[in-house]
Structures are given as C-alpha cells and as structure tokens.
Amino acid sequence: MNFLYPIAITLIILTFCEEFFNRSPFVYIGAVTAAGIISLFEALASFGLEGATSDLAAMMPFAEYGISWFIPALIGGLIGYFTTLLAGTREKSDPYDLDLD
C-alpha cells in the first residue's frame with residue numbers, strides 16, 4: 001500500500017486541478033512517475049531493505065509526515081506542464097468529445 005497510495009492521491013489531486021493544465025497527458029505522466037519512484041523507495045524501506053533507499057526517502061521534504069512523494073510529484077507535474085508548453089500542444093483536449101458530425 002505504501003506504493004499505491006501516493007499514486008492514487010496524485011491522480012485524485014490532478015483530477016481536481018485538470019482545468020489548470022488542460023488535461024495534458026505530460027502532466028499526468030510526470031507527476032505519477034515521480035510519485036511512483038519515491039513511493040517505491042519508501043515501500044522498499046518499509047520492507048526492511050535498508051541502505052540507499054531509506055536514506056533517500058528520509059532526505060526528502062515532508063518525509064516526517066509520510067508524504068515525501070509530494071514535492072517530487074509537484075516537480076514532475078511542472079516538468080510535464082512545461083513540456084506541454086514547449087511542444088505546443090496546449091490546446092484543450094476533451095476525452096468526452098466524440099465529434100459525431
């Protein structure tokens with residue numbers, strides 16, 4: 001569960017904020033990938049695999065609150081947003097628009 005909760009919470013937060021980034025898939029990919037990587041390190045540390053993984057998880061901001069994945073997910077989402085801007089694909093995509101004309 002240490003691995004899945006951060007990913008699920010990231011997706012829920014992105015769903016509530018999708019109007020700000022026009023549902024860009026790059027934002028979802030960046031945020032979920034970053035949250036997943038950090039939560040993987042936390043899950044490995046919780047299973048007793050000590051070493052570099054637990055040190056990395058402990059160094060992250062908000063690690064004492066159990067949300068060390070939050071800042072990396074935010075940074076990953078911002079990288080995805082700027083990737084969208086640079087790629088020029090900022091137009092709004094509506095997955096519910098079937099365009100049945």
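Among the elements of the protein chain, helix α1 (residues 4-16) has the highest mean pLDDT, 95, whereas α3 has the lowest, 68; pLDDT is the predictor's confidence in each residue, on a scale from 0 to 100. Across the protein chain the mean pLDDT is 83, with 80% of the residues reaching 70 or more. Where pLDDT is low, the predicted coordinates should not be read in detail. The model is a predicted one, in which local features need pLDDT of at least 70, side-chain atom pairs count only at pLDDT 80 or more, and totals for chains, interfaces and linings use all residues. Residues are numbered from 1 along each chain as its sequence is written, and side-chain values use heavy atoms, with hydrogens and water left out.

The protein chain contains 4 helices and 0 strands, and its elements follow the order α-α-α-α from the N terminus on; helices (H or I, at least four residues) and strands (E, at least two) are DSSP runs, numbered from the N terminus. Of the 101 residues, 33% count as buried, where buried means under 20% relative accessible area, exposed over 50% and partly exposed in between, with a 1.4 Å probe and protein chains only. Contacts (heavy atoms within 4.5 Å) with a separation of 6 or more are made up, for 62%, of pairs of residues 24 or more positions apart.

The largest nonpolar core comprises 5 residues, namely A35, I38, M60, W69 and A73; such a core is a set of buried Ala, Val, Leu, Ile, Met, Phe, Trp, Tyr and Cys residues joined through side-chain atoms within 4.5 Å. When residues up to four places away in sequence are not counted, A73 touches T10, A31, A34 and A35.

A search of the whole structure finds 4 aromatic pairs, the rings of Phe, Tyr and Trp (its six-membered ring) being paired if their centres lie within 6.5 Å, and classed as stacked for planes under 30 degrees apart, edge-to-face over 60 and tilted for the rest. One of these is the edge-to-face pair of F21 and Y28, with 5.5 Å centre to centre and 75° between the planes. F21 has a relative accessible area of 8% and is therefore buried. The rings of Y81 and F82 also form a pair, which is edge-to-face because their planes stand at 65°, with the centres 5.8 Å apart. F82, with a relative accessible area of 47%, is partly exposed.

Within helix α3 (residues 52-59) lies L56, which counts as partly exposed because its relative accessibility is 29%.
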